[in-house]
Amino acid sequence: MYPETRKQITDKRLRGVYPGVVYGFINGAGEEVVAEGLAQVLEQEVTMTAAKRFDVASLTKVICTTTVLLKLWEAGTIDWDQPLRHYLPAFGNDQITIRHLLTHTSDIRTWIPQRDQLDKRGLRAAYLQLEPGADLGQKVVYTDAGTILLGFMLEEIFGGLPVVEIFRQEVLQPLGMHHSGFLPTAEELADVVPTALLADGRLLKGVTHDPKARVLEEHAGNAGLFTDVDDLLIFSRMLLAKGVLPDGTQFLKPDTIQMLLQDQTPDGRGHRSLGWDLRAGGAATGQPALFHTGYTGTFLLVDVASGEAFVFLSNRVHLQDQREAYIVQRDEIIAQYQKERGAFSEKVL
């Protein structure tokens, strides 16, 4: 499938954009998974395989946090336009809504003094005191703060259960994503792809790359998911099947999946749905595709209307973080994929 896209992925690996990569495609012809390069380059070289688990960073936001919220909305438990404080009384502001947080339109002021010196209790307390700026609801500014706060809200709704356990019970277990989880055990580390080399010489392996999620641990709703290509293909198939699982279970309603394909920003021009970014979809459908990235070198593109998906997992922060150069290369890969599959535009809608 997609030979020119595959060629670009290999070329960028050979040029050092990332040491290794695992990616998978779904389309009308079936599925294909490719693994190439190295999973680890420090201490010893480890060959990349499709069974490797990646720290997928902000993909946690859409796979876990957003999905649980969609289920709660279907059940009538939450309303997108209710203030967060309605469900999380400890939050100090009564203007920011769930929709604001999911669409990144909260204009929340995220600076926290001495953030790196705070423990999980102190960091939680600081997030609960954040306030919006003058542009509340007016423009999209991407931030982790929204899903961190929504994670706290989920814990409140679920009676104090740690949010990573909520994710396991509500998403990973029902979908059969058995290679996915948080805070990997010592026994699971052999299959985990390491990420960054910290200034103190410590190699992050099985510890989330995101510093906020690293502190919050089991209470982080913004990052921290470790998963593999097979489980992300399971998640993608669920979306492509409009919420229906292989055994016929309706995990999410078709109308909910269709709602995700609509721009949910206040002016309808922000190119964001609830949790998801919107990218160009297939030319034959005229519908957008769901898209999201992860800082560590991952992304997921699911075109529900066209029945296509692209899962991309790289270890681009192992060992050096060259973010700006990577983004250029990543967008070239996506543009080639869009061109090769006949999407109606290579750019965000």
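**Figure 1. Salt bridges in the predicted model.** A search of the whole structure finds 22 salt bridges, a salt bridge being a side-chain nitrogen of Lys or Arg within 4 Å of a carboxyl oxygen of Asp or Glu. The model is a predicted one, in which local features need pLDDT of at least 70 and side-chain atom pairs count only at pLDDT 80 or more, whereas totals for chains, interfaces and linings use all residues. Residues are numbered from 1 along each chain as its sequence is written, and side-chain values use heavy atoms, with hydrogens and water left out. Side chains of opposite charge can pair when their charged atoms come close.

**Figure 2. The salt bridge between Asp 144 and Lys 61.** The side chains of Asp 144 and Lys 61 meet in a salt bridge with an N to O distance of 2.5 Å. Asp 144 lies in the loop between helix 5 (120-127) and helix 6 (145-157) and Lys 61 in helix 2 (residues 59-74), so the pair ties together parts that are 83 residues apart in sequence. Helices (H or I, at least four residues) and strands (E, at least two) are DSSP runs, numbered from the N terminus. Asp 144 counts as buried at 15% relative accessibility, and Lys 61 likewise counts as buried, at 2%. Buried means under 20% relative accessible area, exposed over 50%, and partly exposed in between (1.4 Å probe, protein chains only).

**Figure 3. The salt bridge between Glu 217 and Lys 120.** In the salt bridge of Glu 217 with Lys 120, the closest N and O atoms are 2.6 Å apart. This pair links distant parts of the chain, with Glu 217 in the loop between helix 8 (211-216) and strand 5 (226-227) and Lys 120 in helix 5, 97 residues apart. Glu 217 is partly exposed, with a relative accessible area of 36%; Lys 120 counts as partly exposed at 27%.

Figure 4. The side chains of Asp 321 and Arg 316 meet in a salt bridge at 2.6 Å, N to O. Asp 321 is partly exposed, with a relative accessible area of 40%, whereas Arg 316 is buried, with a relative accessible area of 3%.

Figure 5. Strand 1 (residues 20-27) pairs with strand 2 (residues 30-40) in the antiparallel sense over eight bridges; two strands pair if DSSP finds at least two bridges between them. Within this pairing, Gly 24 stands opposite Val 33 in strand 2. The two strands form a hairpin with two residues between them. Strand 2 is also joined by two bridges to strand 3 (residues 46-47), and these strands run antiparallel. Here the bridge partner of Gln 40 is Val 46 in strand 3. The hairpin of strand 2 and strand 3 has five residues between the strands, and Glu 43 in the turn has a positive phi of about 75°.

**Figure 6. Strand 7 and its partners.** Strand 7 (residues 289-294) is mostly covered, five of its six residues being buried. Three bridges join strand 7 to strand 6 in an antiparallel arrangement, with Leu 278 opposite Leu 290 in strand 7. Strand 7 also runs antiparallel to strand 8 (residues 298-303), to which five bridges join it. Thr 293 stands opposite Phe 299 in strand 8. Strand 7 and strand 8 form a hairpin with three residues between them, and Gly 297 in the turn has a positive phi of about 115°.

**Figure 7. The surroundings of Ser 273.** Ser 273 is found in the loop between helix 10 (254-260) and strand 6 (277-279) and is buried, with a relative accessible area of 0%. A polar atom of the Ser 273 side chain lies 2.7 Å from the backbone oxygen of Leu 260. Leaving aside neighbours within four places in sequence, Ser 273 is in contact with residues including Leu 102, Thr 103, Met 259, Leu 260 and Leu 278, where contact means heavy atoms within 4.5 Å.

**Figure 8. The crossing of helix 6 and helix 7.** The axes of helix 6 and helix 7 (residues 163-175) come within 9 Å and cross at roughly 75°. Axes are lines fitted to C-alpha atoms, for helices over the stretch in contact, and angles run from 0 to 180 degrees between N-to-C directions. Helix 6 and helix 7 are therefore roughly perpendicular to each other, a description used for angles of 65 to 115 degrees, with those under 35 degrees counted as roughly parallel, those over 145 as roughly antiparallel and the rest as oblique. Gly 151, Leu 154 and Glu 155 in helix 6 meet Val 163, Ile 166 and Phe 167 in helix 7.

Terms used
A polar contact is a pair of N or O atoms within 3.5 Å; within protein, one must be able to donate a hydrogen and the other to accept it, and residues adjacent in sequence count only if both atoms are side-chain atoms.
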